[in-house]
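Me: I would like to go through the labels attached to this model and ask what each one rests on. Please set the values against the cut-offs.

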Amino acid sequence: AAGKKKAATFVIDCSKPVDDKIMEIASFEKFLQDKIKVNGKAGALGHDVKVSRDKSNNKITVTAECAMAKRYLKYLTKKYLKKNGVRDWLRVIASNKDRSVYELRYFNIADNEAEDEE
């Protein structure tokens with residue numbers, strides 16, 4: 001019998017942009033569910049991949065029973081940010097504390113007070 005595959009769990013921490021109301025976490029969750037490809041088919045997650053969100057701290061957890069690259073989630077996250085027009089303000093970076101966590105952080109712009117007035 002084949003060995004039991006270990007499930008890979010990735011977390012995307014969206015707390016900063018969601019708190020500032022520039023991003024809707026429910027639509028991001030739906031986007032991931034529609035776009036993640038399993039065996040070459042987008043949206044057909046089946047039992048292999050689960051996308052869930054934690055409302056209390058605005059994190060999305062993706063659990064994959066099949067092979068999935070963490071980088072793929074970064075790619076999809078960037079695609080979502082671009083689609084919603086906030087790619088210029090947010091970046092997707094791996095957390096320093098836990099490598100299976102991606103954080104959405106703001107670019108450090110010195111003149112962002114001027115943009116906040118709009």
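Me: Where is Ile22 found, and why is Ile22 called partly exposed?
Reply: In this predicted model, Ile22 is found in the loop between helix H1 (15-19) and H2. Its relative accessible area is 35%. Buried needs a value under 20% and exposed a value over 50%, so Ile22, at 35%, counts as partly exposed.

Me: Which residues is Ile22 in contact with, leaving aside its neighbours within four places in sequence?
Reply: They are Pro17, Val86, Leu90 and Tyr106. Contact here requires heavy atoms within 4.5 Å. For Val86, 64 residues from Ile22 along the chain, the C-alpha atoms of the two residues are separated by 7.7 Å.

Me: What makes Lys21 exposed, and what is its phi?
Reply: Lys21 also lies in the loop between H1 and H2. Its relative accessible area is 72%, and the label exposed applies over 50%, so Lys21 is exposed. Phi of Lys21 is near 60°, a positive value in a residue other than glycine.

Me: Why is Asn39 called exposed, and where does Asn39 lie?
Reply: Asn39 lies in the loop between strand S2 (37-38) and S3. With a relative accessible area of 71%, Asn39 is over the 50% limit and is therefore exposed. Asn39 is not a glycine, yet it has a positive phi of about 55°.

Me: Which residues meet where H2 and H3 are in contact, and how many of them are nonpolar, polar and charged?
Reply: From H2 come Ser27, Phe28, Phe31, Leu32 and Lys35, and from H3 come Tyr72, Leu73, Leu76, Thr77, Lys79, Tyr80 and Lys83. By class, this contact has seven nonpolar, two polar and three charged residues. Tyr counts as nonpolar in this scheme and Lys as charged.

Me: Is Glu103 buried or exposed, and why?
Reply: Glu103 lies in strand S7 (residues 101-106). Its relative accessibility is 11%, under the 20% limit, so Glu103 counts as buried. Leaving aside neighbours within four places in sequence, Glu103 is in contact with Asp13, Arg91, Val92, Ile93 and Ser95.

Me: What makes the pair of Ser95 and Glu103 a polar contact?
Reply: The side chains of Ser95 and Glu103 are joined at 3.3 Å.

Me: Why is Ser95 called buried, and where is Ser95 found?
Reply: Ser95 is found in the loop between strand S6 (90-94) and S7. Its relative accessible area is 3%, and buried means under 20%, so Ser95 is buried. Leaving aside neighbours within four places in sequence, Ser95 is in contact with Val101 and Glu103.

Me: Why is Asp48 called partly exposed?
Reply: Asp48 has a relative accessible area of 30%, which lies between the limits of 20% and 50%, so Asp48 is partly exposed. The place of Asp48 is in the loop between strand S3 (41-42) and strand S4 (49-54).

Me: Which residues is Asp48 in contact with, leaving aside its neighbours within four places in sequence?
Reply: Asp48 is in contact with Val38, Thr63, Ala64, Glu65 and Cys66. Asp48 and Cys66 are 18 residues apart along the chain, with 5.9 Å between their C-alpha atoms.

Me: What is the secondary structure of the chain, and in what order do the elements run?
Reply: The chain has four helices and seven strands, running β-α-α-β-β-β-β-α-β-β-α from the N terminus on. Buried residues make up 34% of its 118 residues. Of the contacts between residues at least 6 apart in sequence, 54% join residues at least 24 apart.

Conventions: Residues are numbered from 1 along each chain as its sequence is written. This is a predicted model: local features need pLDDT of at least 70, side-chain atom pairs count only at pLDDT 80 or more; totals for chains, interfaces and linings use all residues. Side-chain values use heavy atoms; hydrogens and water are left out. Helices (H or I, at least four residues) and strands (E, at least two) are DSSP runs, numbered from the N terminus. Buried means under 20% relative accessible area, exposed over 50%, partly exposed in between (1.4 Å probe, protein chains only). A polar contact is a pair of N or O atoms within 3.5 Å; within protein, one must be able to donate a hydrogen and the other to accept it, and residues adjacent in sequence count only if both atoms are side-chain atoms.
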